[in-house]
Amino acid sequence: METRESTLELLLVEDNPSDLELALHALRKHRLANHIKVARDGVEALEYLFGSSTLPQQHVHERPKVVLLDLKLPLINGLEVLARIKADPRTQNIPVVVLTSSREDPDIAECYRLGANSYIVKPVDFEQFSESIRLLGLYWVVTNQPPPE
Amino acid sequence: MVPLSIRGHLLLGFVGVAAILIVAWLITANRLSVVGGNDTATVMTTDALTKNVFARMKLNDDEETGLRGYLLTGKPEFLQPYHAARQQLPALRQLGDVLASQEPGALPLQKTMRQRAVAWESWAQALLRRPLPATPRSPAVIREQMQGKALNDRLRTASTDLLRLLDARRQGHLQTSIGTLDTLRTWLLGIVVAALGLLAFAGRHTIRAVTRPLVQLEQRARAIGRGDLGNPIDVRGPVELFRLAEAMERMRRQLRSQHELATSIGSTLQLDDVYAAFASYIRDMAPYERLTLSIGTVVDGEPAISTVYSTGPAIAGEEIGQSPLSAHSVARTVYVTQTPIIRDNLSDVRPEESLGDEQAALDAGLRSDAIVPLLSDGRAIGAVHLWSRQPAVYSQQVLEPIQAFAPFVAAALENARLYEKVQQAAQALRESKDLYETVLSSLEEGVILQYADGRIGAANHSAARILGTTVDQLLGQSGYDLQWTIANADGPSLSGDLHPAREALRTGKPSTNILMEFQTADRGQAWLTVNAQPLLHDDGPYAVVCSFTDITVSRAVVGALRESEERFRNAVDYAPIGMALVSLDGRLLQVNQAFSTALGYTEQELLTFTFTELTHSDDLENHLPSMRRAVAGEIHSYQIDKRYIHKDGHTVWIRVSVSLLRNAAGDPLHYVAQFEDISQRKQAEAALVASEHAYRELSAELEVRVEARTAQLEMAVRELEAFSYSVSHDLRAPLRAVHGFSRILLEEHKQALAPEAGRYLELVSQEAQKMGVLIDDLLRFSRLSRQPLTTQPLFMANLVQEVLDDLRFDIEGRKVEVEIGDLPRCQADPALLKQVLVNLLSNALKFTQLRETAHITVGYKEQNDEHVYFVKDNGVGFDMKYAPKLFGVFQRLHRVEDYAGTGVGLAIVQRIVHRHGGRIWADAAPDEGATFYFTLGSSSGNA
């Protein structure tokens, strides 16, 4: 999914393969899938962003325009990934949109406290889900002016 | 226009007339001179010339006569007149020339006359120069003399001509004068008429200027006399009348103010109103910025002054309220001198005249003041103190009306004081009457006041009750009409005269405690004790007060008592519990059978014992403290459990209840003791102690178990929360996948699918969606028990309106009539209460969807002290036998095809209502609509 010749636009962190496929499908459908990197768990996401999931980071690998972050992730969960992104001055300006299955999540408040830019409940209804993805991509990738490097 | 004085008016009139007359005179004189044409000089010239001619003629005659005499006689003496005349004539002729030159037409004649005179004289002179002829009668002489005569005749003719001319001239002068006199007369007449006219006009003006205001003043004076004080006097006229009018106006205002004051004083008995009226009256008399009215009074025997009224800006340190006269410098000064004090400028008061209040008044912006004593009957009753912001406002004259009215104020004050006293007396009378009536009505005893003629003047309710009638009936009749059968206690009927009331009236002495019997309509025979107290005038009793008590019951009690005493004695003897009468030193005076039986002795044996001897040696001391307290009167009775020794030696547990009998004087007489055998109870107690011990152990164990259970329960709740969370995540994820991929298939691979497969896929996605909704509802439901309740005061009606707005898409295109009743405020969690209303209202909308017009009512009622809200619809309703299932989770009373829904809504509603401490119930019938009622517990209502 990654294309070298152009800037990465979207980092999608999602462990559930069905959700991943549906999300990619929706992104493709709305022509937002050109520069996407997918991470399947928290470790992968952090490694991608910082080169390592544990060490203090030497460099920032890539600066996507937006990170779509599922909370329930194996190994390192979404909250921690969020905390790490927002704690590092180099990445804290990257908008993070938290995706979750349920509005029941007790972590909503925690997400906002950590600096999540948006919080989206993945609806069961695919049309709604697809629409959410479209609006989200449209806003953060196309409309929103990214912070200067 | 500046008003003139009357003198001024007159002066003005006369000056005017004089001026006009002078002008008229000047005009006339001018006119006369024009019309006359000749003046005095002309007339005198004519006269003088005439006289001159005559004189010259006479002298000429003298000459001629003298000459003739001479000629006749030859005697020179005759020539003397001739020479005299000849000497005078030249001067006269000279004068004649002058005069003739001024007399028109006379000069030629004068010249002729002169020439002829000269001619004659020349002849005469010539004659004289010659000697006298010797023959006087010679023809020559005669001829010569005839020649002289002709010359003289000619002279005379000339003289006559001139005289004739002059005569004509004098005639002309006369004519002219007569004409002038006529003109003059006419003018004079005109002037006199004009002068009279002007005089009349000026007089009329002057008179009108004076009389009109006088008449008006007279009318106004009459009007004031008739009592018309309301209209101001505004009369204009000469200064004197203007001042008179002003004086009358002042008088009218004063009269009116006095009238108003008198009226207001006469019409009120309230002191404050009198003061206010007086202050307003004073304002009409003398302007002021501040006024205080002080009234003399007496406090503790000392004269004092009390400021009863004040108005205007307060002055610092002013003595307001009541103060002794000695402390009130201002009032004291006025009281002593009884004359007003006027200070035209408070800043200029000399130190020795200072009253000490000037600076404070100046500080309050006041410049001058006046203190006016109010004198009534030569006595100062009070004082009025006036202040003004202007200097020199008050004068004796201004203040006089205030003083003049002091007696009225004094009278009003006296009236008001008297009225207050009357009020107080009336109040005291009312209170005393109230007291008397209260006492009378609260008496258990019947009381009747009866006059000597038998009329009943007063009766209380007890009297009416005892006599079986009403107070009104009693008051309406004569006491002797009552159908009382009067009897002595045990004897025959009393005659009417022996009724204690009559007895008291007749003898004037009270009768007491007379026992009487009488028949009541409702209760039959009754017994009364009657007291009769006569009320005495100087001439004997005029009324009697009867008080009586119904002792029918007491009498019955006394009778019953005698019987019951007998019964009581039996009861004691055969009572199941033991009883004993014990002397203060512990001896048994009387015992009953039960007591004897309990201890195994006979009655006779027991009477030889003391209490102590029967008591277990361990319990001897137990009851001593209680006994002492009973004897001291601290307690009436006491109870004690103690052991006695049975005759056969075993211990008997007995509960003793002891009370102390006292005589009428309060001295202790005996103990009365009751004995209850409690041996069995004591055994039971021992057993109980043992069992309680066991129970304690058990309950301790239970407590441990409860704690464990609670911990388990808490764990379960936590597990439930975790479960909810995982349900939301884990159940929804696959559903999303099912729905998502179905949709993708349907949208992007439709052609590849058989039509049937498409339909099935459609169903799959629909079901997945439905399950999503189910999960959401279920989670919301479970969340309700965890979510903290935050209540606040709410306007239910606003909330309902909000919800209806949210539901407008369900209402659109339907005929829905929603009626929102008068909903009180309530105390609730706004989000949760809104959920309740959303669920109930959307249900109501849902189940009325087949109605042509949906009627939905949101109402409120109070029922058994509960605040009940309800949502009522005219929908399909339901059978009440399913009511218990209504609020269960996933419970549905209708098919999904007919009415969509998950069956969680009402369960949520119930959960929310329960969380608020309220309850919910429904009332419905199939096809007749449903009503859901709910309360919000004690937190609802008008919070």
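At what angle do helix H7 and helix H11 of chain B pack, and how far apart are their axes? Keep that in mind while you get set up.

**Before you start**

This is a predicted model, in which local features need pLDDT of at least 70 and side-chain atom pairs count only at pLDDT 80 or more, while totals for chains, interfaces and linings use all residues. Residues are numbered from 1 along each chain as its sequence is written, and chains are lettered from A and ligands numbered from 1 in the order in which they are written.

Colour by pLDDT, the predictor's confidence in each residue, from 0 to 100. Chain B has a mean of 81, with 93% of its residues at 70 or more. Chain A averages 78, and 81% of its residues score at least 70. For the model, ipTM is 0.72 and pTM is 0.33.

**Stop 1: H7 and H11 of chain B**

Select residues 271-285 (H7) and 406-442 (H11) of chain B: the two helices pack at about 165°, with axes 9 Å apart. Helices here are DSSP runs (H or I, at least four residues; strands are E, at least two), numbered from the N terminus. Axes are lines fitted to C-alpha atoms, for helices over the stretch in contact, and angles run from 0 to 180 degrees between N-to-C directions. The angle therefore makes H7(B) roughly antiparallel to H11(B) (under 35 degrees is roughly parallel, over 145 roughly antiparallel, 65 to 115 roughly perpendicular, the rest oblique). Their crossing is right-handed, a term for the near helix being turned clockwise from the far one by less than a right angle, with anticlockwise giving left-handed.

Now show side chains: B:Leu271, B:Val274 and B:Phe278 of H7(B) meet B:Val409, B:Ala412, B:Leu413 and B:Ala416 of H11(B). Contact means C-beta atoms, placed from the backbone, within 7 Å. This contact has seven nonpolar, no polar and no charged residues (Ala, Val, Leu, Ile, Met, Phe, Trp, Tyr, Cys and Pro are nonpolar; Asp, Glu, Lys and Arg charged; the others, Gly among them, polar).

**Stop 2: H4 and H5 of chain B**

Next, pick residues 106-129 (H4) and 139-226 (H5) of chain B, which pack at about 160° with axes 9 Å apart. H4(B) is thus roughly antiparallel to H5(B), and their crossing is left-handed. Among the residues that meet are B:Trp120 and B:Trp123 from H4(B), and B:Leu155 and B:Leu162 from H5(B). By class, the contact divides into 15 nonpolar, six polar and three charged residues.

**Stop 3: H24 and H25 of chain B**

Move on to residues 830-847 (H24) and 905-915 (H25) of chain B, whose axes come within 9 Å and cross at roughly 145°. The crossing is left-handed. Side chains to show include B:Leu832 and B:Asn839 in H24(B), with B:Ile908 and B:Ile912 in H25(B).

**Stop 4: where the chains touch**

Display both chains: the contact takes 18 residues from chain B and 16 from chain A. On chain B, H20 (679-748) and H21 (755-784) each supply at least two residues, and H20(B) gives the most, with 13. The chain B side has seven nonpolar, seven polar and four charged residues.

**Stop 5: where to read with care**

Finally, select residues 939-943 of chain B, where pLDDT stays under 50 and the model has 19 contacts beyond four places in sequence. Residues 1-6 of chain A also stay under 50, with eight such contacts. Where pLDDT is low, the predicted coordinates should not be read in detail.

Conventions:
Contact = placed C-beta atoms within 7 Å.
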